[in-house]
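Please keep the sequence and the model in view while reading.

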Amino acid sequence: MDKKQPAAKRENVAQLQPGEWGIVDTVGGEGALHRHLLDMGITPGVHVTLRKTAPMGDPLEIHLRGYSLTLRKDDAARITLRQEEEQE
Amino acid sequence: MSQQYTFALAGNQNSGKTTLFNVLTGSNQHVGNWPGVTVEQKTGVLLHHHHGGSGHFGAPAFGGKRDKAENNDIRIVDLPGIYSLSPYSMEEIVSRNFITLEKPDVVINIVDATNLERNLYLTLQLLQLGTPVVIALNMMDEVRAHGDVIKVDELSKWLQAPVVAICARKGEGIDELVRLAIDAAENHRPAPRVDICTGAAHKALHAIIHLVEPKAQAVGLNPRYAATKLFEGDDPMKEMLQLTEDENHIIEEILTEMEQTEGMERAAVMADVRYRYIERLLEKSYIRGSRDDDEPTKSDKIDRLLTHPVMAIPVFILMMLLVFWITFGPFGTWVADGFAALVDGGIGFIGDALARADVAVWLQELIVSGVLTGVGSVLSFMPTIVILFMCLSILEDSGYMARAAFLMDKPLRRLGLNGRSFIPMIMGFGCTVPAVMSARSMSSRRDRRFTILLTPFMSCGAKVPVYALFAAAFFNDNKVLVMSLMYLGGILVAILAGLILKRVLFHGDAAPFIMELPAYRLPTPRNVLRNMWDKAKDFVQRAFTVIFLATIAVWFLQSFNFRFEAAASVQDSILGTLAGVIAPIFAPLGFGTVEASTAVLTGIMAKESVVSTLAVLAGVDAESGAMLAALHGVFPSVASALSFLTFILLYMPCVAAFAAMKRELESRTWAVCSALGQCGVAWVCALVVYRVCLLLGL
């Protein structure tokens with residue numbers, strides 16, 4: 001895993017594999033969920049790493065801003081990641 | 001100068017707030033609820049020795065207790081652990097309302113210094129409220145251990161508030177914190193004006209401040225705070241300010257324009273603004289040690305095992321078995337027996353004293369056989385509850401419970417619950433009372449109620465003596481198998497009940513499961529003991545009120561017949577007659593005898609009473625070999641014994657649990673319905689068990 005590049009072709013946090021990281025693009029969800037994600041530090045531009053998943057693949061443990069957070073796959077799918085611009 | 005100050009304690013969960021509160025208030029604590037909500041509220045009085053040196057209070061420099069509550073006591077209110085001041089949860093609303101409407105003198109913001117970035121997010125919001133804030137950086141020992149350095153002065157400059165480094169668990173820095181807080185209260189500094197916005201957000205925010213300033217001031221709110229909330233789309237704030245349609249419209253336009261410029265929606269903009277300010281602030285004030293950010297911490301290493309894809313569940317099961325072994329195994333039994341002996345001794349002593357004082361016999365009977373024995377039988381399971389609470393408190397404070405919830409979230413989702421429900425339900429295997437009480441930590445009422453309704457199906461510790469006795473009498477060769485079956489049966493029924501309840505009552509999903517995984521920490525003995533003491537006190541209070549009445553009622557019913565004369569035997573008493581009346585209900589279940597139904601009735605008091613009642617009715621000592629024979633007399637077949645056990649497993653919980661459930665469900669109706677529902681489920685399941693066993697020829 002290349003530490004300098006975010007994981008390629010991961011559109012949202014749910015698609016990250018353990019050890020991969022990405023930069024958040026948009027934060028989805030509505031109302032309380034949306035607000036809670038933001039409050040916990042998941043804001044556009046933040047660096048998040050997927051640490052691991054629970055035995056059944058859900059929920060996920062992500063690492064951001066120096067701490068670890070659990071997130072359900074459904075909710076993680078609502079957090080999109082920045083895609084690298086394709087260079088021709 | 002005598003002045004009573006109030007300090008509010010605010011901070012994230014897992015920031016050591018409870019430890020700090022305990023250090024500041026010692027045993028001068030009161031636990032209750034915020035009015036109208038089941039959010040726990042703790043208030044306390046600052047220990048006098050923390051005032052030391054301030055001189056203003058005329059306290060001796062090395063403190064010690066005063067004889068009476070002085071009117072220069074400082075009241076400390078512990079706010080719920082929160083991450084923000086959004087309008088979406090009761091904890092946040094209760095906190096922000098307390099600070100803005102009740103106006104404490106100072107807000108002490110406790111911050112986990114190992115997690116500064118996220119903790120300061122709340123700090124920035126607290127600074128806007130208009131109340132002086134003192135920031136306590138906790139866990140500084142861990143920061144130092146990592147080799148990191150925090151420039152406290154720099155931080156203080158950026159936040160425009162006093163900052164002090166503390167280590168609550170070791171008691172370091174506390175006096176300095178108190179001194180700063182008292183200082184802030186006395187000098188009432190003006191609200192910090194930390195301007196964190198830039199660009200379009202800045203413009204928009206100031207436009208809103210300008211617009212709502214008069215209305216905000218009219219209701220006693222800091223205009224910056226009011227404007228920021230409006231910026232975030234906070235409906236309660238709109239209501240509080242009573243904005244006109246025009247004003248709302250203008251704000252909406254301002255914000256829409258800002259959103260287009262920034263390319264994000266408003267709440268995201270504000271969150272982003274705050275975190276970017278924090279990032280800049282930390283660049284200047286947080287010096288990282290040589291440790292690489294990606295290097296696994298101690299907690300990460302522990303988690304490799306405890307949340308390992310394959311090992312996690314077995315380790316968890318082992319952990320739970322360990323807890324139950326401590327509670328019900330040699331150690332727990334030794335404590336429980338010792339306590340029971342004490343209680344018996346106490347009862348005997350009082351009984352003798354009454355006899356010597358020539359108190360009327362009926363009164364002696366009432367007090368000794370009725371009240372004391374009844375209350376005693378319930379109190380006797382207090383050691384079990386306390387030990388269980390101790391184990392679970394250790395698991396919680398260490399950070400392991402969060403991992404357990406993480407592991408269990410997916411299976412529980414099928415039932416419409418989330419991982420957080422797991423802890424109360426697991427506790428239910430020990431005792432329903434603390435289990436139901438621990439559900440308080442769940443902020444969603446729906447989730448809380450749902451969890452509480454399912455918890456009693458977990459076979460509690462009080463039923464163990466019943467199973468053990470029956471297992472010895474009927475299934476001597478298969479004791480372990482039968483006991484395990486009972487437990488599994490309870491779980492199965494809970495799952496089924498959960499699926500049904502989900503469809504019928506609790507539609508939709510549980511609250512979102514977004515939870516911090518705190519670093520593993522050694523629990524502080526002081527906190528654990530304090531927790532144990534609080535829970536024990538709560539339980540005893542409950543025992544003495546509800547159960548007091550219940551025991552008198554049961555004693556009366558079983559000592560007197562319908563003509564209010566002393567009954568010759570239990571069978572002749574009111575209770576006996578009642579039992580005779582309801583016995584036919586149990587006939588299809590195979591135990592339609594007066595003895596069995598009497599035992600069922602007394603089991604409502606405390607599950608252990610089932611055993612003692614059967615013993616009393618048979619005229620034998622519960623501990624003796626004759627008991628086993630007596631049981632065979634009451635339950636002619638293995639089928640009827642199993643059916644009876646099933647019924648005992650599932651029917652309504654004991655009075656103490658019922659009282660706890662009523663309180664946590666916040667409704668007598670719900671509690672009663674739950675009890676009735678459980679009896680119904682018990683009846684049906686016992687019937688099924690009986691019929692199946694008959695078919696199997698048991």
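Q: What volume does the second largest cavity have?
A: The model is a predicted one. Rolling a probe the size of a water molecule over the atoms shows where empty space is left. For the second largest cavity, the volume comes to about 60 Å³.

Q: How do the residues that line the second largest cavity divide into nonpolar, polar and charged?
A: The lining includes B:Leu124, B:Leu127, B:Pro192, B:Val194 and B:Ile196. B:Gln128, B:Arg193 and B:Arg224 also line this cavity. By class, the lining divides into five nonpolar, one polar and two charged residues.

Q: Which residues are the closest to the centre of the largest cavity?
A: The largest cavity has a volume of about 110 Å³. Its lining has 11 nonpolar, two polar and three charged residues. Of the 16 lining residues, the closest to the centre are B:Thr432, B:Cys460, B:Lys607, B:Cys654 and B:Ala657.

Q: How many cavities of 30 Å³ or more are there?
A: The cut-off for this count is a volume of 30 Å³. With that rule, the count is five.

Q: Which strands stand at the edges of the open sheet of chain B?
A: The sheet has seven strands in the order 2-3-4-1-5-6-8, with mixed pairing.

Q: Which residue is the bridge partner of B:Val45 in strand 4 of chain B?
A: Strands of a sheet pair through backbone hydrogen bonds, either parallel or antiparallel. Strand 3 (residues 40-45) and strand 4 (residues 74-78) of chain B run antiparallel and are joined by four bridges. In strand 4, the partner of B:Val45 is B:Arg75.

Q: What angle does the direction of helix 3 of chain B make with that of strand 5?
A: Helix 3 (residues 116-127) packs on the sheet. There, helix 3 touches strand 1 (5-11), strand 5 (106-112) and strand 6 (133-138) of chain B. With the direction of strand 5, the helix makes an angle of about 165°.

Q: What radius of gyration does chain B have?
A: Chain B comes to 30 helices and 10 strands, and its C-alpha trace spans about 85 × 60 × 55 Å along the principal axes. For 698 residues, a compact globule would have a radius of gyration near 26 Å. The value for chain B agrees with this, at 30 Å.

Note on methods
Residues are numbered from 1 along each chain as its sequence is written. Chains are lettered from A and ligands numbered from 1 in the order in which they are written. This is a predicted model: local features need pLDDT of at least 70, side-chain atom pairs count only at pLDDT 80 or more; totals for chains, interfaces and linings use all residues. Side-chain values use heavy atoms; hydrogens and water are left out. On a 1 Å grid over the protein atoms alone, a cavity is a set of points where a 1.4 Å probe fits but cannot get out, and a pocket is an open set with protein on both sides within 12 Å along at least five of seven lines; lining residues have an atom within 4 Å of a point. Grid points are joined across faces, edges and corners, and a volume is the space filled by probe spheres set on the points. Ala, Val, Leu, Ile, Met, Phe, Trp, Tyr, Cys and Pro count as nonpolar, Asp, Glu, Lys and Arg as charged, and the others, Gly among them, as polar. Two strands pair if DSSP finds at least two bridges between them. Helices (H or I, at least four residues) and strands (E, at least two) are DSSP runs, numbered from the N terminus. Contact means heavy atoms within 4.5 Å. Axes are lines fitted to C-alpha atoms, for helices over the stretch in contact, and angles run from 0 to 180 degrees between N-to-C directions. The radius of gyration is taken over C-alpha atoms; the globule rule is 2.2 Å times the number of residues to the power 0.38.
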